[in-house]
Amino acid sequence: MTVAARKKLQLFVRIASIAACLAVPSLASHSLSAQDCLTCHGDSNMTDSAGHSIAVDGQKFASSIHGSLQCINCHTDIKAYPHPDNIAPVDCKTCHADQADQLKGSVHADGKDHPCTSCHGVAHYIFPKTDARSAVYPLNVPKTCGQCHSNNGMAGKHGLPSVYPNYIDSIHGFALSKEGLLVAANCQSCHGSHHILSRKDPQSPTYKSNVPKTCGACHAKIDADYEQGIHGKAIAKGDLNAPVCTDCHTAHAILQPTEAAFRMQSTPICGNCHKEKFSTYRDTFHSQLGSLGGYVETARCWDCHQAHDVRPASDPSSPINQANLVITCGRCHSGANLSFVQYQPHANAHDRKLSPGLFYVRLFMNLLLASVLTFFMIHTILWLIRSRYQQVKSSPRRAGNGTGKPANGGTNAAKGDNNA
Amino acid sequence: MPELAPANRIPEPATTGRYFVRFTRAQRWMHAVLFSTFLGLAATGLPMRFSESFWARKFASGVGGFGAILFFHKFCAIALTVAFLIHVKDIFQRGLVNREKGIFWGPTSMVANWKDAKDLFGHMRWFLGLGPKPKFERYAYWEKFDYWAVFWGMIVIGFSGYAMWFAPFFAHFLPGWALNAVLIIHSEEGLLAILFIFAIHFVNTHLRPDSFPMDMVIFTGVESEEEFQHKRPLEYQRMAAEGKLSPRLGQAPPIWLLNFSRVVGYAAIFIGLLLLVLTLSAYFS
């Protein structure tokens, strides 16, 4: 079923169910009205025998999405007053069957708490998701999900990842909480709402091979670039070793990619797979400067290889294709010429076959270092020992007369020398 | 062993009280510029060389990140280059234009000669107790080595450094792989210079028992007659024989200069040894 068709069907079901609900009160008009119930439950201090509040704010209820309903439409086991002490929990499925079905197959299916109110908030004050008072209003979604998916013990108890702190400090969380951007991705933008599936489920929008499309729902251009690149093509072929958006950007703690923090952390991410390239990169000036921080401009992997449309050097449209190097290097190094771009950003000075010049330069420098230092270390240590020995041997005779051994030729000569 | 000179820095009870000039004011300034820029270059170069060590990032973030480090590195490099060029110009001025004797050859020259080779072997024999201690001239062989090591290092490190700084320009004359090579040359030669100065020069010149804890002559320019005689008997004898001792008589160094020199010198040695420890810790980790 296409998305549009599903939306239409959902709309139809919703209208039909609201109509059905609205039809109920007219049939039961002789029984209890909301006003009747509020006679007691309107008292804000009203509690049940266990001490839980069973008060209802009539005005707030009336303004909620269910405001036009009567109490007994949901509390169907109450027929008349007085009603039994223990009443059955409200079953939302009666009207919201579609959502209930979706929920049944989701990771939240076996929730012990009421499956609907955990997310939609207090039962009597549920507002449409476009209403800022709603618990599922875009700006409130992270907080709502964060009730469980945060480091508040609940997550730990159920073995859930604590994602809320990561999300809220991310570029999405920042856009949402600080800027109030309604279009910024919140939890349900990626995970869906009622039919949330594990990322291990191939149907899930967060399943590895579905991630590019999920992110692409907003980042369409980047998704298109990515799918042209070598990683996107590998994923499309079903090679799940290739990285998707979340492998480089993380799933929740997504940073602004031009930010120093992201530029500092991301090169090793490429290095997780491209180990040899990462190791040779680390020997270069680019890496040495880059790892010190405060100078985020130095070239990282994607500055030369592109971030999303990564192509092999043999591809004429790759920025690291021989024909494009002057432009690619020239983005940072103004004045880059054909000779300049022969620089090897992944040179290996230990590989004699690949870069013989470099190999011998390194060998010469290492030998120079080792020989000079070895010779002078030996020279200096012997000198120190000998000088100290000489000093100790001759000092007692100088300090006090007759305390040491009789003066020999050495001291006489020294005295003679000094008096010359 | 009548040739044996006493290796004792405790002053003789009967000092002559005379001081002789060893270094001119310009030479002392040259050394001051040299060691202060060298310390600056080492302190900013090492974090780059060992950019993944625990202290490099801390130091870098402490001083304002890599940008600040590179700025200071280049600043010191230019100062040192200028000092080097002034020195080279001075040598040619004195040797070729003014026709001053003893610049390129002879006992006062920095150029190595046959005596230096003999002194090296003689000194080593003395270390092992196999012969007398050689008598040194104005510049001993290890002092000449220090000089040429710095001279060679200056050319090699300087050239490779400028090649990295102005890489697109140097690429007009250098092959592509040379741009890779200059980093290896620069960092290895720099490392050699740092290890040599902080481990070898410090001990040979300042920390050995004859000079411990510091040879002040490079700061004050003068040394006592006893020290002169003891450290370089051959030069002393030659000066005496040529009757040139009295023109080289100098003033005893003032207390303020001694104290100032000690503060500067100890600070330099402390920074150097600290950098040496950090270098070794990063190198062997």
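**Domains, interface and backbone geometry of chains A and B**

The centres of domain 3 and domain 4 of chain A, taken over C-alpha atoms, are 39 Å apart. The model is predicted. The domain assignment of chain A places domain 3 at 294–346 and domain 4 at 352–393, and it also gives domain 1 (1–95) and domain 2 (118–218). Chain A contains 22 helices and zero strands. Of its 420 residues, 25% count as buried. Residues at least 24 apart are joined by 44% of the contacts in chain A between residues at least 6 apart in sequence.

Between the chains, 49 residues of chain A are in contact with 55 residues of chain B. On the side of chain B that touches chain A, at least two residues each are supplied by α1 (25–49), α2 (54–62), α3 (65–97), α4 (114–127), α6 (167–170), α7 (176–207) and α9 (225–231) of chain B. The largest share, 17 residues, comes from α7(B). By residue class, this side of chain B comprises 36 nonpolar, eleven polar and eight charged residues.

Two cis peptide bonds are described here. The bond from Tyr81(A) to Pro82(A) is cis, with omega near -5 degrees; Pro82(A) lies in the loop between α4 (71–74) and α5 (97–104) of chain A. The bond from Phe212(B) to Pro213(B) is cis, with omega near 0 degrees, and Pro213(B) lies in the loop between α7 and α8 (217–220) of chain B.

Thr250(A), in the loop between α15 (245–249) and α16 (260–273) of chain A, has phi near 65 degrees. Thr250(A) is partly exposed, as 16 other C-beta atoms lie within 10 Å. Arg99(B), in the loop between α3 and α4 of chain B, has a positive phi of about 55 degrees. Arg99(B) counts as exposed because it has 8 C-beta neighbours inside 10 Å, the cut-off for this class being 12 or fewer.

Note on methods:
Residues numbered from 1 in each chain as written. Chains lettered and ligands numbered in written order. Predicted model: local features only at pLDDT ≥ 70, side-chain atom pairs only at ≥ 80, totals over all residues. Helix = DSSP H or I, 4+ residues; strand = E, 2+ residues; numbered from the N terminus. Buried ≥ 20, exposed ≤ 12 C-beta atoms within 10 Å, placed from the backbone. Contact = placed C-beta atoms within 7 Å. Nonpolar A, V, L, I, M, F, W, Y, C, P; charged D, E, K, R; others polar. Domains from an automatic or database assignment.
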